[in-house]
Amino acid sequence: MKPRLISCIYAFDEATRWAYPHIIKVREFAESKGYVTYRCEGEYACRTCVLDAFRREEYVTIFLCLTHGEEDKLLDMHGNAIISVDTIDPSMVKENRIYLVYACHSAKVLGPTLVNLGAKAYWGWRDWAFVGKPGTPSEKLQEAVKDAWVMFLNGASLEEAFNHAHKVWCHEAVRAATHLDLHLANVFLKQSANNVLIVKEESDVKYRLPESALLLTAYSFITIPAVILALKYIMENIKI
């Protein structure tokens, strides 16, 4: 049986428009690999369409998402909940469901709730999910997500793809710091520090941490000189 994917994607403001071409490429790659896709996109990126796709298709394995989010919900273009902790349908938490979600905040409450209720994994952000302006170095913020999710659909493990994205963000933080753009370096570090992979192991919810987690968790409370030293350490020890 061919694998199934739900694509819940829209582009109506600056952030979603900038990320949209990258996440669409993930869906297009899935289709090239033989995935049957359910396109809940644009105005159809809404609860009605998503719930219908989940309920009709038991064998959906991937929920691919580019939307706005809050701690306990994903939002459609009009600010209504697509999925929220108060309205989780049993079809959304079958043990084969894997959520790949480019949305702010949703991995703080919604992600662990879905996994705790039975979903296999949730990859998303606990805080802001940054998006960079196309044609600038900051575009690597979303390009790394696209490349990592394509890696996963092409056979890499979730952990391998997850670590790849974080290594790219660290590499770009080093690049920005060497050009004395500490603001951009900090954005790349925040992108990594807030991005988590939540999985179910036996009866416990587990948070996977990237290989560079020790340095990344320190960025928010150390001084600028220490940030520079940390970036130098990353540059010397992480190769892509």
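Two strands count as paired here if DSSP finds at least two bridges between them, and helices (H or I, at least four residues) and strands (E, at least two) are DSSP runs numbered from the N terminus. The model is predicted, so to speak plainly about confidence: local features need pLDDT of at least 70, side-chain atom pairs count only at pLDDT 80 or more, and totals for chains, interfaces and linings use all residues. Residues are numbered from 1 along each chain as its sequence is written, and side-chain values use heavy atoms, with hydrogens and water left out.

View 1. Strand β8 (residues 121-125) runs parallel to β7 and is joined to it by 3 bridges, with Leu100 opposite Trp123.

**View 2. The open sheet of 7 strands.** Step back and β7 takes its place in the order β2-β1-β3-β7-β8-β9-β10, an open sheet with mixed pairing. Strands β2 (36-41) and β10 (204-208) each have a single partner strand, so one side of each is left without a neighbour in the sheet. Neighbouring strands are turned by 15° against each other on average, direction ignored. Towards β10, strand β9 (residues 195-201) pairs in the antiparallel sense over 5 bridges, and Ile198 has Tyr207 of β10 as its bridge partner. Helix α2 (residues 47-56) lies across β1 (4-9), β2, β3 and β7, and runs at about 160° to β2.

**View 3. Helices α1 and α4 side by side.** The axes of α1 (residues 14-32) and α4 (residues 140-153) come within 9 Å and cross at roughly 10°; axes are lines fitted to C-alpha atoms, for helices over the stretch in contact, and angles run from 0 to 180 degrees between N-to-C directions. That makes the two helices roughly parallel, a term for angles under 35 degrees. Residues in contact (heavy atoms within 4.5 Å) include Trp18, His22 and Phe29 of α1 and Trp149, Val150 and Leu153 of α4. By class, the contact has 10 nonpolar, 2 polar and 3 charged residues; Ala, Val, Leu, Ile, Met, Phe, Trp, Tyr, Cys and Pro count as nonpolar, Asp, Glu, Lys and Arg as charged, and the others, Gly among them, as polar.

**View 4. The open sheet of 3 strands.** Here the order is β4-β5-β6, with antiparallel pairing. The edge strands are β4 (68-70) and β6 (81-84), and the twist averages 20° from one strand to the next. Strands β4 and β5 (residues 73-75) share 3 bridges, and Gly69 stands opposite Leu74.

**View 5. Ala185 in helix α6.** Our last stop is Ala185, which lies in helix α6 (residues 182-193). Ala185 counts as buried because its relative accessibility is 2%. Val174 is 11 residues from Ala185 in sequence and 6.8 Å away in space, C-alpha to C-alpha.

Conventions. Angles under 35 degrees count as roughly parallel, over 145 as roughly antiparallel, 65 to 115 as roughly perpendicular and the rest as oblique. Buried means under 20% relative accessible area, exposed over 50%, partly exposed in between (1.4 Å probe, protein chains only).
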